[in-house]
Every structure is written in C-alpha cells, then in structure tokens.
Amino acid sequence: MNKYFTNGFAVIIGTGSFDILKTKDDAIGLEKILIDPERCAYPKGNVKLLTCEDSSRKNILNALESLSNK
C-alpha cells in the first residue's frame with residue numbers, strides 16, 4: 001500500500017492505570033498499526049494518542065472536539 005488513508009482519523013485512549021495497566025501498551029500498539037503505511041496508512045497527524053496522565057477528561061474531550069471539527 002503506497003497511499004495514505006487521508007480521510008481516516010482516530011483518538012486512541014489508554015489510561016494505563018489501576019487494574020487496566022495494559023491499556024497503555026494496547027493503545028500504543030494500535031497507533032502503530034494505524035500509522036503503518038503497509039497496514040492502515042493513516043497519516044500520523046490524523047491519529048491522537050492519549051495515555052496515562054495525558055488521558056485526562058479534559059484532554060479526551062478536547063481531542064474528540066478537535067476530531068469532530070475535521
């Protein structure tokens with residue numbers, strides 16, 4: 001696959017806290033798959049990754065609002 005999926009956008013959230021520690025690793029892995037040119041081919045700028053401290057309510061709402069404006 002040589003072309004990017006320019007109309008694809010994603011917000012990936014992996015809190016990585018308490019009893020769901022693996023969500024951070026899962027979120028990072030999903031981001032890698034989405035931006036891989038041989039797989040999903042999303043442009044890196046179209047994928048927002050929020051993990052651990054970055055996955056606050058405020059940041060999640062901001063990311064979703066930004067996504068809805070695209």
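Glu 31 is a buried residue, with a relative accessible area of 11%, where buried means under 20% relative accessible area, exposed over 50% and partly exposed in between, for a 1.4 Å probe and protein chains only. The model is a predicted one, in which local features need pLDDT of at least 70 and side-chain atom pairs count only at pLDDT 80 or more, whereas totals for chains, interfaces and linings use all residues. Residues are numbered from 1 along each chain as its sequence is written, and side-chain values use heavy atoms, with hydrogens and water left out.

The secondary structure of the chain consists of two helices and two strands, taken as DSSP runs numbered from the N terminus (helices H or I, at least four residues; strands E, at least two). Read from the N terminus, the order of the elements is β-α-β-α. The C-alpha trace spans about 40 × 25 × 10 Å along its principal axes. The chain has 70 residues, 26% of which count as buried. Among contacts with a separation of 6 or more, 63% are made by residues 24 or more positions apart, a contact being heavy atoms within 4.5 Å.

Two salt bridges are present in the structure, each defined as a side-chain nitrogen of Lys or Arg within 4 Å of a carboxyl oxygen of Asp or Glu. In one of them, Glu 31 is paired with Lys 44, and the closest N and O atoms are 3.3 Å apart. This pair links distant parts of the chain, since Glu 31 belongs to helix 1 and Lys 44 to the loop between helix 1 and strand 2 (47-51), 13 residues apart. Glu 31 is buried, whereas Lys 44 counts as exposed at 54% relative accessibility.

A salt bridge also joins the side chains of Lys 22 and Asp 25, at 3.8 Å from N to O. Both residues lie in helix 1 (residues 22-35), where three residues, about one turn of the helix, separate them. Lys 22 is exposed, its relative accessible area being 59%, while Asp 25 counts as partly exposed at 45%.

Over the whole chain, the accessible surface amounts to about 5,100 Å², and carbon and sulfur atoms contribute 54% of this area; the areas come from the Shrake-Rupley method with a 1.4 Å probe, and for residues only the protein chains shown count as cover. The chain carries 10 positive and 9 negative side chains, and the centres of the two sets are 4 Å apart. Lys and Arg count as positive and Asp and Glu as negative, without His and the chain ends, and each charge is placed at NZ of Lys, CZ of Arg, CG of Asp or CD of Glu.
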